[in-house]
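Here are a few exercises to work through with the model open beside you. Try each task before you read its solution.

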Amino acid sequence: MRIPHRVLRRFGSQPAGQALGPAPIRDVLGREEGNALVEFVVLSAALLIPTLYLVLTLGNVQAAVFAADTISRDVARIHATDPDPERATHRAARHTEMILEDHGLPATEVATISCSEQPCASPGGTVSVQVRIPVPVPGLGPILGETGPVTVGASHAVPVDQYRAGS
């Protein structure tokens, strides 16, 4: 096999059976300009920032899902067990505010309560609650508004004990 003249000039002329010494490799590596490091930093930043934003957005959506599930279950239980409708409404509103605050969501009216019988805690009835929570998107609040494009929901129905004492 014949080695082109420019390759021999670049690495030095070595006999065929000997390995190249450290000097020619050092010369080749010494001419590296550091472009790979710059490209790595630019590409990693270009990929890391959208990935981080996606993780933050999905975290907000998951927090809203947990909040909606907890609110629907607990508000239905409050209305099914409390014989005083006004007190049940007040307790449910306070509980909803607390859950939304714990999950970092704006405190708004999110629950819709429906009862099969009036008052809600009537024996043998059913209390149903539907919750819809708009999820704000981080950083895009001024553009999309405070509610955001994603809304999560949950529903729960609780039967009132048929043999409970009347109020």
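**Exercise 1.** Leaving aside its neighbours within four places in sequence, which residues is Val129 in contact with?

Solution. First, the ground rules. This is a predicted model, where local features need pLDDT of at least 70 and side-chain atom pairs count only at pLDDT 80 or more, while totals for chains, interfaces and linings use all residues. Residues are numbered from 1 along each chain as its sequence is written, and side-chain values use heavy atoms, with hydrogens and water left out.

Contact means heavy atoms within 4.5 Å. On that basis Val129 touches Ser72, Val75, Ala76, Ala111, Thr112, Ile113, Ala154, Ser155 and His156.

**Exercise 2.** Find the residues with the most contacts inside the largest nonpolar core.

Solution. A nonpolar core is a set of buried Ala, Val, Leu, Ile, Met, Phe, Trp, Tyr and Cys residues joined through side-chain atoms within 4.5 Å. Buried means under 20% relative accessible area, exposed over 50%, and partly exposed in between (1.4 Å probe, protein chains only). The largest core has 26 residues, and Ile71, Val129, Val131 and Ile133 have the most contacts inside it. Next, see who contributes: helix 3 (35-81), helix 4, strand 2 (126-135) and strand 3 (150-159) each give two or more residues. Helix 3 supplies the largest share, nine residues. Helices (H or I, at least four residues) and strands (E, at least two) are DSSP runs, numbered from the N terminus.

**Exercise 3.** Work out how the buried residues of helix 4 are arranged around its axis.

Solution. Start by listing them: Ala88, Ala92, His95, Thr96, Ile99 and Leu100. Finally, the cover over the buried residues of helix 4 includes helix 3 and strand 2.

Notes:
Arc of directions from axis to C-beta.
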